[in-house]
Amino acid sequence: MKRVLSGIQPTGDLHLGNYFGMMSRMIKYQKENDLFCFIVNYHALTTIQDKKLLAENTLNAAIDFMALGLDPDRSTFWIQSDVPQVCESTWLLSNIVNVGALDRATSYKDKLAKGLTANVGLYSYPILMASDILLFGGEIVPVGKDQKQHIEITRDIAFRFNQTYGETFIVPEPDIEKTNQLVPGIDGQKMSKSYGNTIPIFGDEKSVRKKFMSIVTDSTDIDKPKSIDTALFQLYALFLSDNEKEELANRFKTPGMRYGDIKQELYDCFWAQFSPYREKRDYLEKHKYHVIQKLNEGSQKATVIADSFLDKARTAMGLNYGENNV
Ligand code: ADP
Ligand code: TRP
């Protein structure tokens, strides 16, 4: 049984990119693995500086995940800041990371390019993420392709630490979906909460339908073949089997297809797949105390593991100065 671990930022409503990039696999993996899953609210501090918003988003993300099938009784599910040991280990790990590795982090560079002001938290974000993984002994880390570089940085940190101080941390492996590596947003760029181009899984019916209808398309004439290298095709493909994808590709290539019809069908597929989870979500929303109680149980389980890795790291680095010295 492998320890499978991943986290998600509570920076807004969870969306199709989050679901197909990471959440669906986490939910599937919980059946046969030792699953560790958390809402990374410390990471969200790098971009959200509104107390009420962060607190609401944090609980909402946990509720969304549970409504979609993450079972806190089958996994260890918690809120990152309830195990603050990750901050101590972030500091320990910071001392073996060269700034060059952070300068090259593409997600940091992308965010800068989008005009986000870079605070030190955003810059050292990959070290906190490495700490999240190493402190809980994560072996397999399911993430979307955009996080691949962060996992490589984590692996590098684990190697270096073990080389410098002796075997302490497990070197994790990324788990990235082979098809659907990056879900496009309605504007055709990567779907991301920070780009305002998402389709939220639990948005209200009318506004979600509107999002589907506004997926960007080109102005190809109705009696011309349409390109399948587009956001509309890729989003629809998420809901289809291989055979169905081929059929859809043929429809795109056949003159006469209307983008509006395809968008409506895609919306119907989305609704058929996700609307059944709304009832569970409503129930959890009305029973927040139950969610919080499960999260507390999760943080207690996670703390035991974190303490043990942290103590090993402290000893390895010479911080437990009393040991063997008196
Ligand atoms: P966001 O970019 O919307 O803030 P997060 O950074 O919180 O999303 O990502 C949570 C998880 O969802 C990560 O594993 C990430 O790789 C995955 N993910 C996010 N957006 C996408 C996408 N558009 N396609 C595939 N996976 C995604
Ligand atoms: N950086 C990840 C993202 O934006 C979220 C994250 C934080 C994470 N800590 C993690 C993912 C540990 C996997 C493992 O998506």
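A residue is called buried when its relative accessible area is under 20%, exposed when that area is over 50%, and partly exposed in between. The structure described here is a predicted model, and these words are used for it throughout.

E177 is in the loop between strand β5 (173-175) and helix α10 (205-213). Its relative accessibility is 24%, so E177 counts as partly exposed. E177 and T303 are 126 residues apart along the chain, and 30 Å separates their C-alpha atoms.

R155 belongs to helix α9, which covers residues 148-165. R155 counts as partly exposed because its relative accessibility is 23%.

Q234 is found in helix α11 (residues 231-237). With a relative accessible area of 31%, Q234 is partly exposed as well. From C-alpha to C-alpha, Q234 is 9.7 Å from G188, and the two are 46 residues apart in sequence.

Strand β1 pairs with strand β2 in the parallel sense, over 6 bridges. One of the residues concerned is R3, whose bridge partner in β2 is D34.

Strand β2 (residues 34-39) is also joined to strand β3, by 4 bridges, and these two strands run parallel. Here F36 has T76 of β3 as its bridge partner. Strand β3 covers residues 76-79. T76 and W78 point one way from this strand, F77 and I79 point the other way, and all four side chains belong to buried residues.

**The surroundings of ligand 1**

Ligand 1 is surrounded by 19 residues. The closest are H15, G144, D146, V183 and K193. Helix α1, which covers residues 16-29, gives the most to this shell, with 4 residues. The space that ligand 1 takes is the largest pocket.

Which backbone atoms lie close to a nitrogen atom of ligand 1? A backbone N or O atom of G17 lies 3.2 Å from a nitrogen atom of the ligand, and for a backbone N or O atom of V183 the distance is 2.8 Å. An oxygen atom of ligand 1 is 2.7 Å from a polar backbone atom of K193. On its own, ligand 1 has 530 Å² of accessible area, and the protein covers 96% of it.

**The surroundings of ligand 2**

Around ligand 2 there are 14 residues, and the closest are Q9, Y125, M129, D132 and Q147. Strand β1 (3-8) and helix α8 (125-134) each supply at least two residues of this shell. Helix α8 gives the most, with 4 residues.

How far is a nitrogen atom of ligand 2 from an N or O atom in the side chains of Y125, D132 and Q147? The table gives the distances.

| Residue (side-chain N or O atom) | Ligand atom | Distance |
|---|---|---|
| Y125 | nitrogen of ligand 2 | 2.7 Å |
| D132 | nitrogen of ligand 2 | 2.6 Å |
| Q147 | nitrogen of ligand 2 | 3.0 Å |

Taken alone, ligand 2 exposes 370 Å², and the protein buries 91% of that. The space taken by ligand 2 is the largest pocket.

**A buried serine**

S89 lies in helix α4, which covers residues 85-94. Is S89 buried or exposed? Its relative accessible area is 3%, so S89 is buried. The side chain of S89 is joined to the side chain of S131 by a polar contact of 2.3 Å.

Terms used. Residues are numbered from 1 along each chain as its sequence is written. Chains are lettered from A and ligands numbered from 1 in the order in which they are written. This is a predicted model: local features need pLDDT of at least 70, side-chain atom pairs count only at pLDDT 80 or more; totals for chains, interfaces and linings use all residues. Side-chain values use heavy atoms; hydrogens and water are left out. Buried means under 20% relative accessible area, exposed over 50%, partly exposed in between (1.4 Å probe, protein chains only). Two strands pair if DSSP finds at least two bridges between them. A residue is near a molecule or strand if one of its heavy atoms lies within 4 Å of it. A polar contact is a pair of N or O atoms within 3.5 Å; within protein, one must be able to donate a hydrogen and the other to accept it, and residues adjacent in sequence count only if both atoms are side-chain atoms. Accessible areas come from the Shrake-Rupley method with a 1.4 Å probe; for residues, only the protein chains shown count as cover. On a 1 Å grid over the protein atoms alone, a cavity is a set of points where a 1.4 Å probe fits but cannot get out, and a pocket is an open set with protein on both sides within 12 Å along at least five of seven lines; lining residues have an atom within 4 Å of a point. A molecule sits in a cavity or pocket if more than half of its atoms lie within 2 Å of its grid points.
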